[in-house]
Amino acid sequence: LTEAFSFDKPFALDVSASGQAIDTLGGTPVTVHGGNFGTVRVSAATRIGHSACEATMWYSDTSLFCVAARGMRAERRVAVTAGVMVGTVTQAAAYAASLPVSIDGDNAPAVGGVLITATGQYFGSFSATNRARLGRTDCESSTWVSDSSLVCKVAAGIVAGAADTHVVVTGGGLVSTLAASFVYDLPKVTGLETAGGVVDTSPRNDWEANILNPGDLAGPPGGGNQLTVSGSNFGAADYLPTVTVGANDCPAVWGGDGTITCTVPAASVWGGLGAPNQCDAGACLASFPVSVTVGSQTSLASLDYIYACQCDGLECFHPVDSGGGTYYCQDVDECTVCNGAYCPPHDCDPVNANCVNNDGSFTCECHPGYHASDSPDLGTACGVCAIGTFKDTFSNADCTACNGSATTLATTSVRGSDCVCIADWWGGAGDANKD
């Protein structure tokens, strides 16, 4: 009678790896507890998952010692062979989960495309469908390099919440997370443009508003004109970005990672408006920072949009002590106040003319004995009255010629009485010269 009796097959109850997960490179000592392993060594062998242990040592009928081979995955089946009989226990052993420790670049542009290397442990001794995820977006590609290195090609994305800053590595069904270690670059504003041309965003001296035409700077205080914002990291797709001018929303339309257009809101510094572009309040020019928000990230304020209106008979001026970026309609005494430090100095002839202040501007008046020699006659340069002429007023008028039979003895004559008769003629001031 054959095959009528058999010994019980071996069985495993639990697997102990000294309180630790099995190293993906192998070499971890593992003890298998169970029964029917035999009273003597009978070619006992152990297998974890699909891989036989590098070595198996029989201890007793209830204990085997195994040196684990390389591998990955959690909840691996353990099989024990004694003689020709096999016993198994499911979900008894687990390899260590991939453990990212650091990455060599903690940021990337919103369009992705850069390579970032994650370093750590337990990425495996071979590629086992390893992959990485930055935030909520899988890498475009994940390349296993070694048990401690994995290269990720960053996909396009944005940061919309805290979870978008995590690095997640998956290998052999095991997932591990490195929290708050990655971020997409902030949106960046590099240029502003309106229908009338590029907005002047260059740094300006406090007095520069005096010599610029406010109507050409950017836009009217009532808003309504289209503003094109150029820059980067606005998103490789439409993530519904927002644009603000100062504290006011500028309704935005995404045009690509580097372009957004919006309709400029009304400026908050002006009250009711009078004639179009005409100032009816104190402020005549005000600048506000333009910012772009994509997801939870907002650009650092770098460029200003400028609102401007036209002062009625006054100048658009930034008082030296006003602070901020707001200019006001007021008269500035260019003749006595402006010296180039915070408003442009007058350009009258510095020696032979007086500067006369008036509302919104100034005029130059040549001294008696001098006439305006510039064109048109503005008094920025004054020339001497030639011999035979005189001028007795502060003005830019021409010099007056003496009577045809009279002359002056020198240039810069300042009154008619400086005219004297030439030889063979006589007469007094105001008299007709006589032969």
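Both Cys 385 and Cys 399 are buried (buried means under 20% relative accessible area, exposed over 50%, partly exposed in between, with a 1.4 Å probe and protein chains only). The model is predicted, with local features needing pLDDT of at least 70 and side-chain atom pairs counted only at pLDDT 80 or more, while totals for chains, interfaces and linings use all residues. Residues are numbered from 1 along each chain as its sequence is written, and side-chain values use heavy atoms, leaving out hydrogens and water.

Back to the cysteines. Cys 385 and Cys 399 make a disulfide with sulfur atoms 1.9 Å apart (a disulfide being a pair of cysteine sulfur atoms within 2.5 Å). The link is left-handed, at -80° about the S-S bond. Cys 385 sits in the loop between β34 (382-384) and β35 (389-390), and Cys 399 in the loop between β35 and β36 (400-401), so the pair ties together parts 14 residues apart in sequence. Strands here are DSSP runs of E, at least two residues long, numbered from the N terminus.

In total, the structure holds 8 disulfides. Another of them joins Cys 402 to Cys 419, S to S 1.9 Å; its S-S torsion is about -75°, so this one is left-handed. Cys 402 lies in the loop between β36 and β37 (406-408) and Cys 419 in strand β38 (residues 419-421), so parts 17 residues apart in sequence get tied together. Cys 402 counts as buried at 11% relative accessibility, and Cys 419 is buried at 18%. What about Cys 421: how far is its sulfur from the closest cysteine sulfur? The distance is 9.7 Å, to Cys 419, too far for a bond. Cys 421 is partly exposed, with a relative accessible area of 22%.

Now for the sheet. Four strands form an open, antiparallel sheet in the order β1-β2-β6-β5 (two strands pair if DSSP finds at least two bridges between them). β1 (11-16) and β5 (55-60) stand at the edges with a single partner strand each, so one side of each has no neighbour in the sheet. β5 pairs with β6 (residues 63-67) over 5 antiparallel bridges, and Trp 58 has Leu 64 in β6 as its bridge partner.

Elsewhere, Ile 103 lies in strand β9 (residues 99-103) and is buried, with a relative accessible area of 18%. Neighbours within four places in sequence aside, Ile 103 is in contact with Ile 116, Thr 117, Ala 118, Val 167, Ser 181 and Phe 182 (contact means heavy atoms within 4.5 Å).
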